[in-house]
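Here is a short briefing on one protein model and its ligand. The notes after the structure are grouped by topic.

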Amino acid sequence: MKAIFITLEGPDGSGKTSTINLLQEKMMQAGLDFIKTREPGGSPISEKVREVVLGIGNEIMDPKTEALLIAGARRQHVVETIRPALLNGQIVLCDRFIDSSLAYQGAGREIGIEAVLDINLFAVEETIPDVTYYLDVPAAVGLERIAANQKREVNRLDKENITFHQKVVQGYKQIIKMFPERFVCIQATRSPNEIADIILEDILKRIKD
Ligand SMILES: Nc1ncnc2c1ncn2[C@@H]1O[C@H](COP(=O)(O)OP(=O)(O)OP(=O)(O)O)[C@@H](O)[C@H]1O
Ligand SMILES: [Mg+2]
């Protein structure tokens with residue numbers, strides 16, 4: 001079995017967290033050795049940065065500050081959590097990673113995808129995902145799903161308007177064209193259970209050879 005680094009990406013409400021929770025159960029049943037983690041966060045220090053970045057009340061935060069804080073949290077997550085797991089032979093399953101920065105800060109906040117890529121490559125060095133599953137839904141569909149789910153806590157980025165979220169989706173489309181060998185796009189109008197099955201089947205193929 002190969003230790004591979006897997007990420008899930010997509011706009012708000014595309015179903016990343018719902019899918020990864022189901023996928024986790026299926027991977028356990030399949031007897032795979034893995035860890036599940038998330039961004040921003042994934043290590044104690046990085047979770048503290050998450051609170052600062054996503055916290056309601058920090059609306060004054062400058063876009064480049066936001067990008068640097070997330071890249072800093074990512075560095076710690078890579079060093080403390082992701083690399084040790086991969087070295088230990090485990091599969092790493094991560095809810096959002098570098099592409100979220102490119103899409104949200106690069107495209108959404110208009111810092112530029114290349115500039116955000118630069119600071120993130122400084123942060124992660126060679127720790128780039130082997131495969132990234134992109135959950136493809138229009139921005140409006142994701143936002144409608146979130147609005148319908150009253151239980152979910154609203155964060156600072158969710159509160160951005162539809163135009164911001166449309167820029168994020170356009171950003172993702174550009175990033176997929178930049179790294180076509182790494183991305184697998186899945187129509188996320190399917191149920192999270194069906195999406196998790198598709199991903200599991202693909203993972204099993206990848207770790208076999
Ligand atoms: N494929 C789906 N079809 C219909 N509803 C879905 C689907 N996937 C998720 N949902 C619902 O949409 C809402 C958002 O899903 P979820 O939190 O998994 O998205 P997310 O991609 O993790 O969002 P965020 O980026 O904001 O964390 C939830 O209420 C969830 O039940
Ligand atoms: Mg989520």
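Arginine 96 lies in the loop between strand S3 (91–95) and H4, where helices (H or I, at least four residues) and strands (E, at least two) are DSSP runs numbered from the N terminus. This is a predicted model, in which local features need pLDDT of at least 70 and side-chain atom pairs count only at pLDDT 80 or more, while totals for chains, interfaces and linings use all residues. Residues are numbered from 1 along each chain as its sequence is written, chains are lettered from A and ligands numbered from 1 in the order in which they are written, and side-chain values use heavy atoms, with hydrogens and water left out.

**Backbone**

- Most residues other than glycine have a negative phi, and most peptide bonds are trans.
- Arginine 96 is not a glycine, yet its phi is positive, at about 75 degrees.
- The peptide bond between glutamate 39 and proline 40 is cis, with omega about -15 degrees.
- Proline 40 sits in the loop between strand S2 (34–38) and helix H2 (44–54).

**Around ligand 1**

- Lys16, Ser18, Arg96, Arg152 and Arg190 come nearest among the 17 residues around ligand 1 (a residue is near if one of its heavy atoms lies within 4 Å).
- By class, the shell around ligand 1 has four nonpolar, seven polar and six charged residues (Ala, Val, Leu, Ile, Met, Phe, Trp, Tyr, Cys and Pro count as nonpolar, Asp, Glu, Lys and Arg as charged, and the others, Gly among them, as polar).
- H1 gives the largest share of this shell, three residues.
- A nitrogen atom of ligand 1 is 2.6 Å from a polar backbone atom of arginine 190, and an oxygen atom of ligand 1 is 2.9 Å from a polar backbone atom of glycine 13.
- The protein covers 77% of the 630 Å² of accessible area that ligand 1 has on its own (Shrake-Rupley method, 1.4 Å probe).

**Aromatic pairs**

- The whole structure contains four aromatic pairs (ring centres of Phe, Tyr or Trp, the last by its six-membered ring, within 6.5 Å; planes under 30 degrees apart are stacked, over 60 edge-to-face, the rest tilted).
- Tyrosine 104 and tyrosine 172 pair edge-to-face, with 6.5 Å between centres and 85 degrees between planes.
- This pair links distant parts of the chain, 68 residues apart: tyrosine 104 is in helix H4 (residues 98–108) and tyrosine 172 in helix H7 (residues 162–178).

Definitions and conventions. A polar contact is a pair of N or O atoms within 3.5 Å; within protein, one must be able to donate a hydrogen and the other to accept it, and residues adjacent in sequence count only if both atoms are side-chain atoms.
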